Amino acid sequence: DHADCDDSVISYIRRGHNLDDYLIVVCNFTPVVRHNYRVGVNEACRYQEIFNSDDKNYWGSGVRNEGLIEVQGQGWNMKPYSIEIVLPPLSTIVIKPIR
């Protein structure tokens with residue numbers, strides 16, 4: 001999603017050589033924590049945050065998505081499913097599907 005200029009957020013899918021191998025990248029360019037931020041996804045599986053630039057190890061505030069993120073049946077941004085995440089301030093997070 002490159003069109004969320006109101007929240008200054010960009011999200012995209014980064015695919016590997018195998019099309020089933022992908023990561024979801026979400027970037028928040030504001031100092032505001034975005035709770036319940038919805039991102040469209042293609043698969044009905046669980047998801048997990050694997051990188052967070054706001055982690056305290058990188059001198060961030062430590063806002064993160066703990067545990068597994070459950071998919072919802074609500075379509076979003078031309079994707080059949082969606083997830084709701086906590087989007088840390090001034091950060092980039094990477095989420096992967098857990099099958």
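Me: Exposed means over 50% relative accessible area, buried under 20%, and partly exposed in between. In this predicted model, is Arg 99 buried or exposed?

Reply: The model is predicted, and the relative accessible area of Arg 99 is 60%.

Me: Which residue meets the side chain of Arg 99 in a salt bridge?

Reply: The structure holds 6 salt bridges. In one of them the N to O distance is 2.7 Å, and Arg 99 takes part. Arg 99 lies in the segment after S7 and its partner in the loop between S3 and S4, so the pair ties together parts 56 residues apart in sequence. The partner is partly exposed, at 23% relative accessibility, and is Glu 43.

Me: Which residue is linked with Asp 55 and Arg 64 in a network of salt bridges?

Reply: The side chains of Arg 64 and Asp 55 meet at 3.1 Å, N to O. Arg 64 is partly exposed at 35% relative accessibility, whereas Asp 55 counts as buried at 17%. The network that links these two also takes in Glu 66.

Me: How much accessible area does the surface patch with Tyr 58 have?

Reply: Tyr 58 lies in the loop between strand S4 (46-52) and S5. At 47% relative accessible area, Tyr 58 is partly exposed. Tyr 58 forms a nonpolar patch on the surface with Ile 50, Phe 51 and Trp 59, and their accessible area together is about 520 Å².

Me: Which element gives the largest share of the lining of the largest pocket?

Reply: The largest pocket has a volume of about 190 Å³. Strand S1 (9-15) and S3 are the elements that give two or more residues to its lining. Among the lining residues are Tyr 12, Ile 24, Gly 40 and Met 78. The largest share of the lining, 3 residues, comes from S1.

Me: How far apart are the C-alpha atoms of Ser 82 and Gly 40?

Reply: Ser 82 is in strand S6 and counts as buried, at 0% relative accessibility. Gly 40 is one of the residues lining the largest pocket. Ser 82 and Gly 40 are 42 residues apart along the chain, and their C-alpha atoms are separated by 4.2 Å.

Me: What is the phi of Met 78?

Reply: Most residues other than glycine have a negative phi. Asn 36, in strand S3 (residues 34-41), is not a glycine but has a positive phi of about 55 degrees. Met 78 is exposed at 86% and lies in the loop between strand S5 (68-69) and strand S6 (81-87). Met 78 is not a glycine either, and its phi is positive, at about 65 degrees.

Conventions
Residues are numbered from 1 along each chain as its sequence is written. This is a predicted model: local features need pLDDT of at least 70, side-chain atom pairs count only at pLDDT 80 or more; totals for chains, interfaces and linings use all residues. Side-chain values use heavy atoms; hydrogens and water are left out. Helices (H or I, at least four residues) and strands (E, at least two) are DSSP runs, numbered from the N terminus. Buried means under 20% relative accessible area, exposed over 50%, partly exposed in between (1.4 Å probe, protein chains only). Patches are made of residues with over 30% relative accessible area and no salt bridge: like charges are joined within 9 Å, nonpolar side chains (Val, Leu, Ile, Met, Phe, Trp, Tyr) within 5 Å. Accessible areas come from the Shrake-Rupley method with a 1.4 Å probe; for residues, only the protein chains shown count as cover. A salt bridge is a side-chain nitrogen of Lys or Arg within 4 Å of a carboxyl oxygen of Asp or Glu. On a 1 Å grid over the protein atoms alone, a cavity is a set of points where a 1.4 Å probe fits but cannot get out, and a pocket is an open set with protein on both sides within 12 Å along at least five of seven lines; lining residues have an atom within 4 Å of a point. Grid points are joined across faces, edges and corners, and a volume is the space filled by probe spheres set on the points.
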